[in-house]
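Welcome, and please open the model in your viewer. We will go from the inside of the fold to its surface, one selection at a time.

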Amino acid sequence: MSTNDSLAARARAGDAEAFAELYRQVYQDLYRFALYTLKNPQDAEDAVGDAVADAFASIKKLRDAGAFRPWIFRILSNKCRRKLKEYLRKTRELPEEIPWDGKELFENYAVRSAFFALDSQDRLILSLHLFAGYTSREIGRELNMNENTVRSRESRALKKLADMLKE
């Protein structure tokens with residue numbers, strides 16, 4: 001049994017310190033995933049916080065101790081999807097004067113624009129692979145897709161990105 005499997009087993013048994021250590025190992029990847037999905041630092045922090053709270057409350061439901069990372073990412077992915085649906089229902093007026101410092105606003109604008117122009121499923125696959133470090137097999141398992149389909153979609157999405165950035 002690996003260290004992470006042991007930590008997950010202890011966390012399932014109610015050891016808060018073991019859960020905290022597992023969380024420390026995945027926090028940055030969770031936040032990165034949420035930030036690229038939601039495009040808003042505060043909402044990303046909220047989604048991660050909600051996902052971790054839910055994971056802690058339901059850690060006893062984790063069947064496979066070795067599957068903590070995919071399990072908590074699935075919880076976060078669901079939180080992000082709900083938040084994106086909220087975005088569609090909300091409408092706000094922009095203030096007349098929006099503060100900005102030019103440099104930060106346009107930094108990596110083309111890459112971000114191209115990324116968010118992709119289909120949501122393609123963005124999710126790329127995010128899970130590039131930002132969270134999942135393999136195509138793990139992504140396929142999480143999204144109920146064949147791993148070859150995941151690799152094909154990822155390849156097509158990367159080609160789309162490259163084509164959009166050439167324009």
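Which residues have the most contacts inside the largest nonpolar core? Select Leu30, Phe68, Trp71, Ile72, Phe73, Leu76 and Leu128 and you have them on screen; the core has 37 residues. Helices H1 (3-12), H2 (16-38), H3 (41-57), H4, H7 (120-131) and H8 (136-143) each give two or more residues to this core. The largest share, nine residues, comes from H2. A nonpolar core here is a set of buried Ala, Val, Leu, Ile, Met, Phe, Trp, Tyr and Cys residues joined through side-chain atoms within 4.5 Å. Nonpolar side chains tend to be buried together in soluble globular proteins.

Before moving on, two notes on what you are looking at. This is a predicted model, in which local features need pLDDT of at least 70 and side-chain atom pairs count only at pLDDT 80 or more, while totals for chains, interfaces and linings use all residues. Residues are numbered from 1 along each chain as its sequence is written, and side-chain values use heavy atoms, with hydrogens and water left out.

Now switch to a cartoon view. The protein has nine helices and zero strands, so its pattern along the sequence reads α-α-α-α-α-α-α-α-α. Helices (H or I, at least four residues) and strands (E, at least two) are DSSP runs, numbered from the N terminus. Colour by accessibility next: of the 167 residues, 37% are buried. Buried means under 20% relative accessible area, exposed means over 50%, and partly exposed lies in between (1.4 Å probe, protein chains only).

Next stop: the salt bridges. How many does the count come to? There are 14, each being a side-chain nitrogen of Lys or Arg within 4 Å of a carboxyl oxygen of Asp or Glu.

- Select Lys83 and Asp43, whose side chains meet in a salt bridge at 3.9 Å, N to O. This pair links distant parts of the chain, with Lys83 in helix H4 and Asp43 in helix H3, 40 residues apart. Both Lys83 and Asp43 are buried.
- Select Arg10 and Asp15, a salt bridge with its closest N and O atoms 3.0 Å apart. Arg10 is partly exposed at 39% relative accessible area, and Asp15 is partly exposed at 24%.
- Select Lys159 and Asp163, where the closest N and O atoms of the salt bridge are 3.3 Å apart. Because they are four residues apart in helix H9 (residues 147-166), about one helical turn separates them. Lys159 counts as exposed at 54% relative accessibility, whereas Asp163 is partly exposed at 34%.
- Select Asp119, Asp122, Arg153 and Lys160, which salt bridges with shared partners join into one network.

Turn to the surface now. Which residues gather in a patch of positive charge? Select Arg81, Arg82, Lys85 and Arg89 to see the patch. Patch residues have over 30% relative accessible area and no salt bridge, and like charges are joined within 9 Å. Lys85 is found in helix H4 (residues 68-89), and its 54% relative accessibility is why Lys85 counts as exposed.

For a last stop, select Glu17 in helix H2. Is Glu17 buried or exposed? Glu17 is exposed, with a relative accessible area of 57%.

Conventions: Patches are made of residues with over 30% relative accessible area and no salt bridge: like charges are joined within 9 Å, nonpolar side chains (Val, Leu, Ile, Met, Phe, Trp, Tyr) within 5 Å. Accessible areas come from the Shrake-Rupley method with a 1.4 Å probe; for residues, only the protein chains shown count as cover. Lys and Arg count as positive and Asp and Glu as negative; His and the chain ends are not counted. The place of a charge is taken as NZ of Lys, CZ of Arg, CG of Asp or CD of Glu.
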